[in-house]
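Have a look at the fold before reading on.

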Amino acid sequence: MKKTILLFMAMISFYAVVPSLALATDLPRVMIVGEDVDRDTVPRDSRVFKRVLNSISNELIDRGFDVRDEAALTHETHVQGRVRRSDAELIQIAKDAGIDVLVIFSIYPNANVNANSVRVTARIEGRLLSVWDGARMGNFESEPQQNQLVRKPYTRNDVLEAVGALSKIIGSDVGAVLGDRLDQYHPEGDSSDGGVSSAGRTVEWTLIFDGFTDEDMLNVEDYITIYTGYDSHRPKSNAVNTSSHHEIWYKSSIDSAHLKRNMIKMLKKMNEKGRVYMSGNELKIVKQHRVKQRTKKSNNGW
């Protein structure tokens with residue numbers, strides 16, 4: 001078994017130096033959504049909201065991130081045009097659409113009134129959320145130094161129009177902050193290695209092994225600890241682990257396609273038949289048991 005594992009390690013080392021294989025973490029599918037359940041925030045169906053969202057999107061796109069449009073992904077499956085949506089609804093929509101990172105932001109307009117004038121500013125706050133493992137990737141807040149004068153007396157519509165005039169500045173500023181933070185988790189590949197980078201955000205995977213014995217799992221652990229990007233692993237504490245069903249929390253910066261490919265290679269090296277399924281950050285490996293053929297012994301006395 002040890003010789004087989006050493007051979008497997010050599011194969012992984014070979015693939016690691018081939019530039020055509022991307023061993024970096026996946027470039028995340030990003031979706032930008034508004035959290036407007038608070039009545040003090042600007043609703044997502046307003047022109048101001050759309051201007052800010054477009055400015056944030058453009059900044060992230062310019063930095064090379066994969067930004068997806070919510071309406072384009074959900075127009076056939078979800079009710080459109082809803083406002084004042086909760087966190088739970090936004091996260092569920094992101095999962096349904098196959099999104100990896102959710103950018104959730106809120107716009108708070110503010111009118112500073114004094115005896116001489118009314119000056120409108122706006123504050124944007126929000127957070128980055130890793131959809132599949134629930135990890136918080138950071139918060140952000142932006143409030144431009146600029147303000148807009150509005151006439152007296154003023155209405156809420158006057159305030160929103162003033163915020164609209166600031167929206168491009170606000171959106172670009174927030175987009176720059178988000179781009180910097182995402183760059184830390186998903187750095188751009190170095191041209192010296194063919195655009196491949198082994199650095200990236202450590203992701204927590206759930207690995208499920210169905211039909212594997214305790215002895216099988218000893219061999220499995222020998223393999224998964226030598227995969228590219230391996231950080232740590234432990235039994236999943238809120239799962240029912242038995243002698244034939246094992247669930248593991250597995251932390252690694254490995255690319256999803258590379259992880260699945262390694263699992264298929266592992267089954268082959270272990271001389272086992274099985275199927276590998278992937279959904280979000282969950283990878284399930286189902287072992288196929290060989291059917292034992294029982295034959296009736298002949299009675300030579302007849």
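Two strands pair if DSSP finds at least two bridges between them. Helices (H or I, at least four residues) and strands (E, at least two) are DSSP runs, numbered from the N terminus. Some housekeeping: this is a predicted model, where local features need pLDDT of at least 70, side-chain atom pairs count only at pLDDT 80 or more, and totals for chains, interfaces and linings use all residues. Residues are numbered from 1 along each chain as its sequence is written, and side-chain values use heavy atoms, with hydrogens and water left out.

**The sheet**

E10 and E11 pair in the antiparallel sense over 7 bridges. Their hairpin has 2 residues between the strands, and glycine 280 takes a positive phi near 60 degrees there. Serine 279 stands opposite glutamate 282 in E11.

Zooming out, 5 strands form an open sheet with mixed pairing, in the order E8-E9-E7-E11-E10. E8 and E10 stand at the edges with a single partner strand each, so one side of each is left without a neighbour in the sheet. From one strand to the next, the twist averages 20 degrees. At the E8 end, 5 bridges join E8 to E9, and the two run antiparallel; serine 232 has lysine 251 in E9 as its bridge partner.

Contact here means heavy atoms within 4.5 Å; axes are lines fitted to C-alpha atoms, for helices over the stretch in contact, and angles run from 0 to 180 degrees between N-to-C directions.

| Helix | Strands | Angle |
|---|---|---|
| H6 (residues 214-224) | lies across E7, E8, E9 and E11 | about 10 degrees to E9 |
| H7 (residues 256-269) | touches E7, E9, E10 and E11 | about 165 degrees with E10 |

**Arginine 127**

Now over to strand E4 (residues 118-130), the place of arginine 127. Is arginine 127 buried or exposed? Its relative accessible area is 13%, so arginine 127 is buried (under 20%; exposed is over 50%, partly exposed in between, with a 1.4 Å probe and protein chains only). Leaving aside neighbours within four places in sequence, arginine 127 is in contact with residues including Glu35, Asp87, Arg136 and Phe140. With aspartate 87, the side chains make a polar contact at 2.4 Å (a pair of N or O atoms within 3.5 Å; within protein, one must be able to donate a hydrogen and the other to accept it, and residues adjacent in sequence count only if both atoms are side-chain atoms).
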